[in-house]
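Thanks for coming. I will walk through one model this morning, starting with a helix and ending with a sheet.

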Amino acid sequence: MTKRDLRPARHARRWIPLAACAAAAFAAISATHAQSPRPGVGAIPYFSPLPAGTTFRVWAPNATAVRVAGTFNGWSMTANPLVSEGNGYWSADVPFAYQNAQYKFVITGPAGTIWKADARARRMTNSVGNSVIYNPQSYAWTTTNYATPNFDDLVLYEMHIGTFGQHPSVPAPISKAKDKLDYLKDLGVNCVALMPFAEFAGSLSWGYNPAHPFAFESAYGHPDDLKAFVDAAHARGIAVIGDMVYNHFGPSDLDLWRYDGWSQNNGGGIYFYQDFRANTPWGPRPDFGRGEVRSFIRDNMMYWLDEFRLDGHRIDGTKFIRLADFSGPEIPEGWSLLQWLNNEVNALSPWKIMIAEDMDANNWITRTTGEGGAGFDSQWDTAFVHPVRGVIEAQNDSDRSMWAIRDAVTSTLSGGHTRRVIYTESHDEVANGRQRVPETIWPGNAGSWFSKKRSTLGAALVFTTPGIPMLFQGQEFLEDGWFTDTDPLDWSKATTYAGIKSMYRDLIRLRRNLDGVSQGLKGASLNFHHVNDGAKVVAFHRWQNGGDLDDVVVVMNFTQNGINNYRIGMPRGGQWRVRFNSDWNGYDPSFSNWGTFDTEATTSVPWDGMPASALVNIGPYSTVIFSQGEPPSPPNPADLNRDGMVDGADLAAVLGAWGTAGGPADVNGDGVVNAADLAALLASWGPVK
């Protein structure tokens, strides 16, 4: 259907035998109308006793009468009245109202008789259309042994459903995003962070204008399509988190507005504040002090977590839940709502992550509710993105502050290394007057050497700094311009810049310690021990427990000139092996493949307050990552990404490194990637034994 198509959907097939239907219909018609004894708010199908039907329950405290009209009763305003329960809710069981039937509530109240979509509609024909009965048991889940990754292992990938999947037009359906999950698995991403997907006005949107918070956006597909996406992601070891918008609703196509006809001070009625707290810059603010509204929001949050098996949520604009404006006054019931939401998740699913977008670097957001905090597990961190982008986007090397880099890397929120989400690109940072990082570095030439080198310098910071790293869709293949909901990703760039994509893949592998050589990048400990603002070089030490394959030293050069024999402090003596060199020409032919080698640290020359030091070579605008010890032997050297299969992903890695000296793609270890490695890979094709 198009967004404005109001044609009724076809009736679901009726499975009740005709004789039983006739007898049940007579009994139903003869019965006295009564409120439903069944639980739940909205439209909840039931299947016993016969005849099957749907329980309808709606909150309309100022109504004098409520009826439900739909395709199951010929849109009659009188056939199915709801009964007042005496607490503001109205309900009734309606036999023969089946899945896929369309309906609306007919509410008589202070504004006369008005037709409203179900406030808790699980499905809509479109944002200005009819509510649709949805059976939550209609989808058969197939992935049963999935476990959400630990917070210190998460790598987030922010995705806008309508522009991510390859499709001839926007918005693309979520099925097209599902088709790209193998791509994300190969990249190493293990958590998709979906931008808002609740039914919004029109077909094109970022999603931050929710009109029907319980309904999956009809332009993206059926609710079961979202479940299929989550199911397929979980089958690949990928978590899925949602982006929930509770600081405001709407502002357009908003049936919640004056829902039962009542309002004060020209306000929005029962779901919204009626005073100075009523408005945000984006739409009307819900009344966080009203119990029914608080339950509406809580139930909505848990609905997506439970019914759709999401692995957590980002809560948008928490600052405008706790404050009436950018700087106040405070809304105490907004703060207590945030605490309640987080307490509910911690009590029922503590492994699911709750992330705040507060943008105030407020430590109380990620402190526990027992301490008086809001209780979030993590929050987006402005203390990282803005200084890092400022440094890598500056045109002159002399303007790059290494102290700003140090402060961005060492910044903490509530003391925990997973308490902040760090990134250089997000939907906000690549729109609203800002562009993609490569585009900002060289406008109109995002594929330039400078754009490649400095944007990936920022990426290396994202994956080596304490925090939960996040990419924005297409960042890994130098997507240019700025984000808009009318411009789909240019997937041809994934081929054009396949080497850059491989660099992101290698960084993710190190961040997640998938090769067993970089455990320290998941650890909480950090020593930023080297800052040379004159030479524009920094170095820092990361570790979890310390020792071989754990201690990691990161060295970064923020100038366009390579450097040789540069002394850096090391945690201890011995050989330190190069695990990553961003200047490798396998990532891009224009890179210099600077002579960066394993190095021997000596305790005879302590340096940077460290017990040892080593001389390192580092290319222009480059990152080198060192650790000690021999990596664990892979079960099969042809399984380059260690996913248990020798397949197309491994083949692509060999072809991408063709002719280079050594490296992971040198399957047979003879010092060059060539036909012998290809033959060894093909001989091992299939599951690793």
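Helix H6 covers residues 291–307, and at 1.5 Å a residue its 17 residues should span 24 Å; the end C-alpha atoms are 23 Å apart, which agrees. The expected span here is 1.5 Å times one less than the number of residues. Helices (H or I, at least four residues) and strands (E, at least two) are DSSP runs, numbered from the N terminus.

Before going on, the basis: this is a predicted model, where local features need pLDDT of at least 70, side-chain atom pairs count only at pLDDT 80 or more, and totals for chains, interfaces and linings use all residues. Residues are numbered from 1 along each chain as its sequence is written, and side-chain values use heavy atoms, with hydrogens and water left out.

Back to H6. Its buried residues include Phe-296, Ile-297, Met-301, Met-302 and Trp-304, and also Arg-294 and Arg-298. Buried means under 20% relative accessible area, exposed over 50%, partly exposed in between, with a 1.4 Å probe and protein chains only. After H6 comes Arg-309, with a positive phi near 60°.

Next, a helix pair. The axes of H9 (residues 382–393) and H10 come within 9 Å and cross at roughly 155°. That makes H9 roughly antiparallel to H10, a label for angles over 145 degrees; under 35 is roughly parallel, 65 to 115 roughly perpendicular, and the rest oblique. Axes are lines fitted to C-alpha atoms, for helices over the stretch in contact, and angles run from 0 to 180 degrees between N-to-C directions. From H9, Ala-383, Phe-384, Pro-387, Val-388 and Val-391 meet Met-402, Ala-404, Ile-405 and Ala-408 of H10. Contact means heavy atoms within 4.5 Å.

In the loop between H10 and strand S17 (420–422) sits Thr-418. Is Thr-418 buried or exposed? Thr-418 is buried, because its relative accessible area is 13%. Leaving aside residues up to four places away in sequence, Thr-418 touches Phe-151, Asp-152, Asp-377, Ser-378 and Ile-468.

Last, the sheet. Six strands form an open sheet in the order S19-S20-S21-S26-S23-S24, with antiparallel pairing. Strand S19 (525–532) and strand S24 (599–601) are the edges, each pairing on one side only. Two strands pair if DSSP finds at least two bridges between them. From one strand to the next, the twist averages 25°. S20 and S21 share six bridges, and Phe-540 has Val-554 in S21 as its bridge partner. H10 returns here: this helix lies across S19 and S20, at about 180° to S19.
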